[in-house]
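Please look over the sequence and the model before reading on. The notes that go with them are arranged by topic.

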Number of protein chains: 2
Amino acid sequence: VRTSPLGAREVAGAPYTLRVLQEGYCSPQPNGTFRADGSVTLVWGGPVTALVDTGGPWDRQRLVNLLAEQGLSPNDVTHVVCTHGHSDHVGNINLFPTATLLVGLDLSRGDGCYLPHDLAKGCPYVLHPGLLEVMATPGHTINHVSVVVRDTSLGTVVVAGDLFEREEDEEEWRALSEDPVKQEQSRRRVMAMADVIVPGHGPPFRVFREWGVGKVPWEEDDEGNATTGDGPKGH
Amino acid sequence: VRTSPLGAREVAGAPYTLRVLQEGYCSPQPNGTFRADGSVTLVWGGPVTALVDTGGPWDRQRLVNLLAEQGLSPNDVTHVVCTHGHSDHVGNINLFPTATLLVGLDLSRGDGCYLPHDLAKGCPYVLHPGLLEVMATPGHTINHVSVVVRDTSLGTVVVAGDLFEREEDEEEWRALSEDPVKQEQSRRRVMAMADVIVPGHGPPFRVFREWGVGKVPWEEDDEGNATTGDGPKGH
């Protein structure tokens, strides 16, 4: 499997287009602190208007402005999915009191009504059949989820929260993981299905697979994979 | 160890007084859903004004009103501690952009600056030396924390988030736990130090211990413990 930067913040599709409203980052500072915020992604174009992650709590007005640039008010968002309960991802969930809200595995609607679902059993939570769904991707946190957008102009996009820190994060993700073994499984599963991945703290990147007969490409070594696309890098 | 309802929402102290602004609840509905919200607790009276948990995201204005009833605006809150990252506890963190914010083990201040700490190594995060601190209490979630208030009129109060669902929760807490073994350890540790516990989804309750020589009272069976206080119940 090879990856390369997407080089854009938007992936068009019919009906669903996806746009990274805020590109996440994480910068260690000389004094031992980190400056960080999570990616915030909008998926819209059909009956569902979904926001994936809401950024840190210091940026309430910024998020309202980013939505307004897309011609949307918070009330236009029908579904908010927070990939997990860390503060740089759940900071602004109270902007969306009318939306269906999934925070990790907490699914709620309206005034404190929590709904059952089967995400923990491996069943996706479907927002739009065949096009838009949430899947459990445990590891970074036990209850971590990712959003899958199908049939875009680039294929399947997975908005993966902190399942991936950034495109080339092999040195980093394990140290941030609640369960590295499960996270490795989740990462492989997503790498096997995604054409584009939106990570939690970096720009979106493309995934290129070379499918051979009877081979599971992400278990081959690097030499066994041909590359596709423009300037992909080893992952 | 015996417990009994506190029968009040406030515990006075010098300097720190504690008040449960919102009593958490969790009510299964006939249709399989749950109506739930988390406890919200204010600790004030010294240089620190701390809010423990922020309730669900549908109640932003209610939380502002509850603070106003105590004569406070959100900007008066110096520290917000969310015991863990579930949606009924982190719903309104963006009301407090000027506070130091601890969400589970995410410690941040200002505009997205994340700070190191040693909570995961077992060292408390001290808000006011000797009086007010945060301790790691893993189990319900891996990163769960609790707030300890010392030297109140009733002794030590622990605002314990969902480490305890409610006073008599033996039938329930394990099903909601990410790590029941760790949670059991955390529960015993808190039961051994707390005179009052504020649980995540029920009213505050008192804890009565009968200290015998060489005994660890919470490991005795029920018959081995004398009771103290007014109408305590077995736990």
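The report below goes from the arrangement of the chains to single residues.

## Basis of the report

This is a predicted model, in which local features need pLDDT of at least 70 and side-chain atom pairs count only at pLDDT 80 or more, while totals for chains, interfaces and linings use all residues. Residues are numbered from 1 along each chain as its sequence is written, chains are lettered from A and ligands numbered from 1 in the order in which they are written, and side-chain values use heavy atoms, with hydrogens and water left out.

## How the two chains are related

Chain B is superposed on chain A by a rotation of 180° with 0.0 Å of shift along the axis, and the RMSD is 0.0 Å. This is the relation of a two-fold axis. The C-alpha of B:Gly85 is the one in chain B nearest the axis, at 2.1 Å from it. The superposition is by least squares on the C-alpha atoms of residues with pLDDT of at least 70 in both copies.

Of the interface residues of chain B, 100% are also interface residues in chain A, so the copies meet through the same surface.

## The sheets

Helices (H or I, at least four residues) and strands (E, at least two) are DSSP runs, numbered from the N terminus. Two strands count as paired if DSSP finds at least two bridges between them. Strands of a sheet pair through backbone hydrogen bonds, either parallel or antiparallel.

One open sheet has 10 strands in the order β2(A)-β3(A)-β6(A)-β7(A)-β8(A)-β9(A)-β10(A)-β11(A)-β5(B)-β4(B), and its pairing is mixed. Its edge strands are β2 (10-11) of chain A and β4 (25-28) of chain B, each pairing on one side only. The antiparallel pair of β2(A) and β3 (residues 17-22) of chain A has 2 bridges. Within this region, A:Arg19 in β3(A) is the bridge partner of A:Glu10.

Another open sheet of 10 strands, also with mixed pairing, runs β4(A)-β5(A)-β11(B)-β10(B)-β9(B)-β8(B)-β7(B)-β6(B)-β3(B)-β2(B). At its edges stand β4 (25-28) of chain A and β2 (10-11) of chain B; each has a single partner strand, so one side of each is left without a neighbour in the sheet. β4(A) pairs with β5 (residues 34-37) of chain A in the antiparallel sense over 4 bridges, and A:Tyr25 stands opposite A:Asp37 in β5(A).

Contact means heavy atoms within 4.5 Å.

Which residues of α1(B) are buried? They include B:Leu63, B:Leu66 and B:Leu67. Seen down the helix axis, the buried residues of α1(B) fall within an arc of 100°, so they line one face of the helix; the arc is that of the directions from the helix axis to the C-beta atoms. Buried means under 20% relative accessible area, exposed over 50%, and partly exposed in between (1.4 Å probe, protein chains only). Just after α1(B), B:Gly71 takes a positive phi of about 80°.

The largest nonpolar core has 37 residues, of which A:Leu51, A:Leu67, A:Phe96, B:Leu51, B:Leu67 and B:Phe96 touch the most other members. α1(A) gives the most to this core, with 4 residues. A nonpolar core is a set of buried Ala, Val, Leu, Ile, Met, Phe, Trp, Tyr and Cys residues joined through side-chain atoms within 4.5 Å. Leaving aside neighbours within four places in sequence, B:Leu67 is in contact with residues including B:Leu21, B:Leu42, B:Leu51 and B:Phe96.

A:Thr49 is in the loop between β6 and β7 of chain A. A:Thr49 counts as buried, at 11% relative accessibility. Beyond four places in sequence, the contacts of A:Thr49 include A:Leu42, A:Trp44, A:Asp76 and A:His79.

A:Pro180 is in helix α2 (residues 180-193) of chain A and is partly exposed, with a relative accessible area of 32%. B:Met193 lies in helix α2 (residues 180-193) of chain B and is partly exposed, at 23%. The C-alpha atoms of B:Met193 and B:Ser39, 154 residues apart along the chain, are separated by 21 Å.
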